[in-house]
Amino acid sequence: MIERGLLASGCLFLAVGLALVPGAVSAQESVAEATVWITAERMLDVRSGRLVDQPHVLVRNGRIVETGSGAAAVPAGAKHVDLQGMTLLPGLIDMHVHLDSDPSYGGYTGLQFSDRFWSVLAVAHAQKTLMAGFTSVRNVGAEAWNDVGLRQAIDAGKISGPRIVTAGYSFGSTGGHCDSTFFPPSMEQKSPFNADSPEEGRKRVRELRKYGAQVIKICATGGVFSRNTEPGQQQLSLEEMKAIVEEAHLQGLKVAAHAHGASGIKDAIRAGVDTIEHASLIDDEGIALAKKHGAWLSMDIYNTDYTQAEGKKNGVLEDNLRKDREVADIQREGFRRAHAAGVKLVYGTDAGVYPHGLNGGQFKVMVRYGMTPVEAIRSATLDAAVALDRKDVGAIEKDRWADLIAVAGDPTQDVSLLEAIPFVMKGGEVVKDLR
């Protein structure tokens, strides 16, 4: 996550004067108008990896009620969305985004803006993400509860955006990657959620859940875009992480751990963390532990191209760019080794480190480093839904939300088609159609 210093004021996110979601279903619409019949040339069944010819999908009140293939009549009163010549897929899921971060402002350059600047940018970032075909995201760390307010506004139909699983603040040790590390002592900047003991970790979980966290995000190691931390440094102990995970699971929440360094990765897995974020310096023992314990790895192997090309211009400090360079190729080779070993991998890009809306660019990198196109697509659909413990997204199946995308061509042969998606549907409503 890009650190902006301590930009949080503790205020709730407010979005004033924002337009209603274009095309949203109003409460006055009839059941017939909320019934949609979708046909296409092909559909990817992400569970089997097979392409289904001439599929049809019946949607009622935003949910899928029937799927099939072959000739069939349009149900009476249903709106027909004909996607002939296109391949239908489930809406995509990005498991690691920061919707209130903007890579245009690195280092200290973000300090020229008021705290609420980032709240407003998050609205535009959410819409760009949805237009890119990502109908669900997991926001693993935000300032000032921006992600919680954003989720509430989207769910209330006030603004357009993906379904968001919110972490609120990410937290770790005092002086660690999740703390404020760019300022001198005279400015007294620090995260309000630092945890320096097992009991403090338990309390942070309870506080964050109270105010809207749906997943707990911790920083187990140092990071790339913080100051005075190194990616390989472990910054939470095994005992601290065990207490956090135990409390989160007791509260019904999963835990994601920012973990670049090998020792921090391994202790996070031993502690029962559900998803390991970045996993840049994972070693063979860490790969074996991840496979043994069933931990998911979310490895952002796409964004380095952007950060190295644009970081200096955006104000990112040279020390941060140095760390970014040092871990990039190691992380990508670690991804290759983890995949070859059969470790579970999900699609997480760290959007906010690079511009929002370009999330689909990671598919081709995952294929370059060992995945088949179908495996890469599954990591951003069914596998991501399983990692989230969600049965309402991630596949085109009965009872799930009608979150769908379509591309012209066959993405199982050319995964780069997912970089520019012309058709997006969320909850049975067409939100983008550039055919």
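This is a predicted model: local features need pLDDT of at least 70, side-chain atom pairs count only at pLDDT 80 or more; totals for chains, interfaces and linings use all residues.
We can begin with the helices. Two packed helices are described by the angle between their axes and the distance between those axes. Helix H3, spanning residues 198-210, packs with helix H4, residues 238-250, at an angle of about 30°, and their axes lie 8 Å apart. Because this angle falls under 35 degrees, H3 is roughly parallel to H4. The crossing of H3 and H4 is right-handed. On the H3 side, the contact is made by Pro-198, Gly-201, Arg-202, Val-205 and Arg-206. Helix H4 contributes Glu-239, Glu-240, Ala-243, Ile-244, Glu-246, Glu-247 and Ala-248. Sorted by class, this contact of H3 with H4 comprises 6 charged residues, 5 nonpolar and 1 polar.

Attention now turns to the covalent link. A disulfide is a covalent bond between the sulfur atoms of two cysteines. The structure holds 1 disulfide, which joins Cys-178 to Cys-219 with an S to S distance of 2.0 Å. The link of Cys-178 and Cys-219 is right-handed, with 50° about the S-S bond. Distant parts of the chain are linked by this pair, 41 residues apart. Cys-178 sits in the loop between strand E8 (163-166) and H3, whereas Cys-219 belongs to strand E9, residues 215-219.

Key. Residues are numbered from 1 along each chain as its sequence is written. Side-chain values use heavy atoms; hydrogens and water are left out. Axes are lines fitted to C-alpha atoms, for helices over the stretch in contact, and angles run from 0 to 180 degrees between N-to-C directions. Helices (H or I, at least four residues) and strands (E, at least two) are DSSP runs, numbered from the N terminus. Angles under 35 degrees count as roughly parallel, over 145 as roughly antiparallel, 65 to 115 as roughly perpendicular and the rest as oblique. A crossing is left-handed if the near helix is turned anticlockwise from the far one by less than a right angle, and right-handed if clockwise. Contact means heavy atoms within 4.5 Å. Ala, Val, Leu, Ile, Met, Phe, Trp, Tyr, Cys and Pro count as nonpolar, Asp, Glu, Lys and Arg as charged, and the others, Gly among them, as polar. A disulfide is a pair of cysteine sulfur atoms within 2.5 Å.
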